[in-house]
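Please read the following report alongside the sequence and the coordinates. It describes how the elements of one protein chain are arranged and how they pack.

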Amino acid sequence: MSLARRGRSIAVSGFLLSGAIGIISSTQTWLTVERADAGEAILVPGASALPLLAPLSLAVLALGLALSISGRLVRLIFGALAVATALFLGWTTVQLLASEPLGAVGPTVTETTGLAGSAAIADVVAGIEVSAWPYATLVGWFVLLVAAVVVLLTWRGWKSGGRRYRTDAAHETHATGPVDAIDSWDDLSRGTDPTR
């Protein structure tokens, strides 16, 4: 079976998988802060380290669900949005991993210790350990990017989805006349006489 024929299932699966990885990762520990004052280590979840992680992951899940019934132009828009989301989240995750993520742990350290300000936080933080979750999330964003590219390459060849939700399909089913009393009322609402 060609990529064009399997494009919808590949894309929807990729969107849902990457969104699920992002949501799960947002609840897991990304960073562990070792304290200079010999206090208990501070665990920083993904949602605190990267505040846009959870909402954008939910958006990716919603895009995946909507993609399964979307029309042609909407597919193209969803594909472009997914590319932008994957690149943005991938870039911010890489930035977090490449630099000393003091800013990412700051709010959690302040909440735990009551200390505010970059100098005070820097004095408390002896070291920051990165867990495997940011790397797993990067894999999820790569999957999203691949799925979005599949959408952009194959969107024209997908069978039309969501016909039952279109008004023109409703008119076609009622062309032979109303089926029951509800259909008669619907015909009246559209200005059609159901008795003809």
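## Basis and overall make-up

This is a predicted model, in which local features need pLDDT of at least 70 and side-chain atom pairs count only at pLDDT 80 or more, whereas totals for chains, interfaces and linings use all residues. Residues are numbered from 1 along each chain as its sequence is written, and side-chain values use heavy atoms, with hydrogens and water left out.

The protein chain has nine helices and three strands, where helices (H or I, at least four residues) and strands (E, at least two) are DSSP runs numbered from the N terminus. Read from the N terminus on, the elements follow the order α-β-β-α-α-α-α-α-β-α-α-α. Of the 196 residues, 36% are buried, a class that means under 20% relative accessible area, with exposed meaning over 50% and partly exposed lying in between (1.4 Å probe, protein chains only). Among contacts with a separation of 6 or more, 72% are between residues 24 or more positions apart; contact here means heavy atoms within 4.5 Å.

## The three-stranded sheet

The three strands form an open sheet in the order β2-β1-β3, with antiparallel pairing; two strands are taken to pair if DSSP finds at least two bridges between them. The edge strands, each pairing on one side only, are β2 (42-45) and β3 (125-130). Neighbouring strands are turned against each other by 25° on average, direction ignored; axes are lines fitted to C-alpha atoms, for helices over the stretch in contact, and angles run from 0 to 180 degrees between N-to-C directions.

Strand β1 (residues 29-35) is joined to β3 by five bridges, and L31 has V130 in β3 as its bridge partner. On the other pairing, β1 and β2 are antiparallel over four bridges, with T29 standing opposite P45 in β2. β1 and β2 form a hairpin with six residues between them, and A38 in its turn has a positive phi of about 65°. The covered face of β2 carries I42 and V44, while L43 and P45 belong to the uncovered one.

Which strands does helix α5 touch? Helix α5 (residues 102-113) packs on the sheet with contacts to β1, β2 and β3, and its direction makes about 125° with that of β2. α7 also packs on the sheet, touching β1 and β3, and its direction makes about 155° with that of β1.

The buried residues of α5 are A104, V105, G106, T108 and V109, and they pack against β1, β2, α2 (46-49), α4, α6 (118-124) and β3. After α5 comes G114, which has a positive phi near 85°.

## Helix α3 and its two partners

The axes of helix α3 (residues 53-67) and helix α7 (residues 133-154) come within 13 Å and cross at roughly 30°. Their crossing is left-handed, a term used if the near helix is turned anticlockwise from the far one by less than a right angle, with right-handed used if clockwise. In this contact L53, S57, V60 and L67 of α3 meet T137, W141, L144 and V151 of α7. By class, six of these residues are nonpolar, two polar and none charged, where Ala, Val, Leu, Ile, Met, Phe, Trp, Tyr, Cys and Pro count as nonpolar, Asp, Glu, Lys and Arg as charged, and the others, Gly among them, as polar.

Against helix α4 (residues 72-98), α3 packs at an angle of about 155° with the axes 11 Å apart. The two helices are therefore roughly antiparallel to each other, since angles over 145 degrees count as roughly antiparallel, under 35 as roughly parallel, 65 to 115 as roughly perpendicular and the rest as oblique. The crossing of α3 with α4 is left-handed. Here L56, V60, L63, A66 and L67 in α3 meet R75, F78, L81, T85, F88 and L89 in α4, and the residues of this contact divide into nine nonpolar, one polar and one charged.

## Two residues in detail

V151 lies in helix α7 and counts as buried because its relative accessibility is 0%. Its C-alpha atom is 9.3 Å from that of L67, although V151 and L67 are 84 residues apart in sequence. Not counting residues up to four places away in sequence, V151 touches A11, F15, L67, R75, G79 and W158.

V74, found in helix α4, is partly exposed, with a relative accessible area of 35%. The C-alpha atoms of V74 and W155 are separated by 9.5 Å, and these residues are 81 residues apart along the chain.
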